[in-house]
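My notebook is open, and I am about to look a structure up piece by piece. Here is the entry for anyone who wants to read along.

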Amino acid sequence: MRIIIDTDREQIIVPDTFYKAIDKKNDVLKQAGVTDKKIEYEEYVRECFERAMEAPWIRKSDLAKKR
């Protein structure tokens with residue numbers, strides 16, 4: 001899932017399917033019997049952002065080379 005950090009607007013922009021995708025992940029956890037864990041929308045983005053900040057930054061044009 002791609003999330004945009006818009007530095008001009010100083011906003012995080014999630015895709016239209018974001019909330020539904022997180023809800024599906026929570027449904028999978030629930031069906032697996034995991035009752036003490038629920039993925040929170042903002043926390044999910046926060047954790048992904050923290051991991052991304054630790055990884056080397058790449059340009060968008062470099063993505064095509066990695067596939």
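A note on what I am reading. This is a predicted model, where local features need pLDDT of at least 70 and side-chain atom pairs count only at pLDDT 80 or more, while totals for chains, interfaces and linings use all residues. Residues are numbered from 1 along each chain as its sequence is written, and side-chain values use heavy atoms, with hydrogens and water left out.

**Glu 10, continued**

I found Glu 10 in the loop between S1 and strand S2 (11-13). Its phi is positive, at about 55 degrees, although Glu 10 is not a glycine.

**Overall layout**

I noted three helices and two strands in the protein, in the order β-β-α-α-α along the sequence. Helices (H or I, at least four residues) and strands (E, at least two) are DSSP runs, numbered from the N terminus.

I then checked the overall dimensions. The protein has a radius of gyration of 15 Å, whereas a compact globule of 67 residues would have one near 11 Å. That radius is taken over C-alpha atoms, and the globule rule is 2.2 Å times the number of residues to the power 0.38. Along the principal axes, the C-alpha atoms fill a box of roughly 40 × 30 × 20 Å. Buried residues make up 10% of the 67 residues.

**Salt bridges**

I looked for a side-chain nitrogen of Lys or Arg within 4 Å of a carboxyl oxygen of Asp or Glu, and the count came to two salt bridges. One joins Arg 9 and Asp 6 at 4.0 Å, N to O. Arg 9 counts as exposed at 59% relative accessibility, whereas Asp 6 counts as buried at 17%. In another, the side chains of Asp 62 and Arg 59 meet at 3.4 Å, N to O. Here Asp 62 is buried, with a relative accessible area of 17%, and Arg 59 is exposed at 57%.

**Surface patches**

My patch rule takes residues with over 30% relative accessible area and no salt bridge, joining like charges within 9 Å and nonpolar side chains (Val, Leu, Ile, Met, Phe, Trp, Tyr) within 5 Å. Which residues form the negative patch? They are Glu 40, Glu 42, Glu 43, Glu 47, Glu 50 and Glu 54. For this, Lys and Arg count as positive and Asp and Glu as negative, with His and the chain ends not counted. Each charge is placed at NZ of Lys, CZ of Arg, CG of Asp or CD of Glu. I picked out Glu 43, which lies in helix H2 (residues 41-54) and is partly exposed at 36%.

The nonpolar patch brings together Ile 5, Ile 12, Phe 49, Met 53 and Trp 57, with about 580 Å² of accessible area together. Areas come from the Shrake-Rupley method with a 1.4 Å probe, and for residues only the protein chains shown count as cover. Of these residues, Ile 5 sits in strand S1 (residues 4-6).

**Two distances**

Ile 22 lies in helix H1 and is buried, with a relative accessible area of 0%. Its C-alpha is 9.5 Å from that of Lys 38, 16 residues apart in sequence. Val 14 belongs to the loop between S2 and helix H1 (18-31) and is partly exposed at 24%. Val 14 and Asp 36 are 22 residues apart in sequence and 26 Å apart in space, C-alpha to C-alpha.

Notes
Buried means under 20% relative accessible area, exposed over 50%, partly exposed in between (1.4 Å probe, protein chains only).
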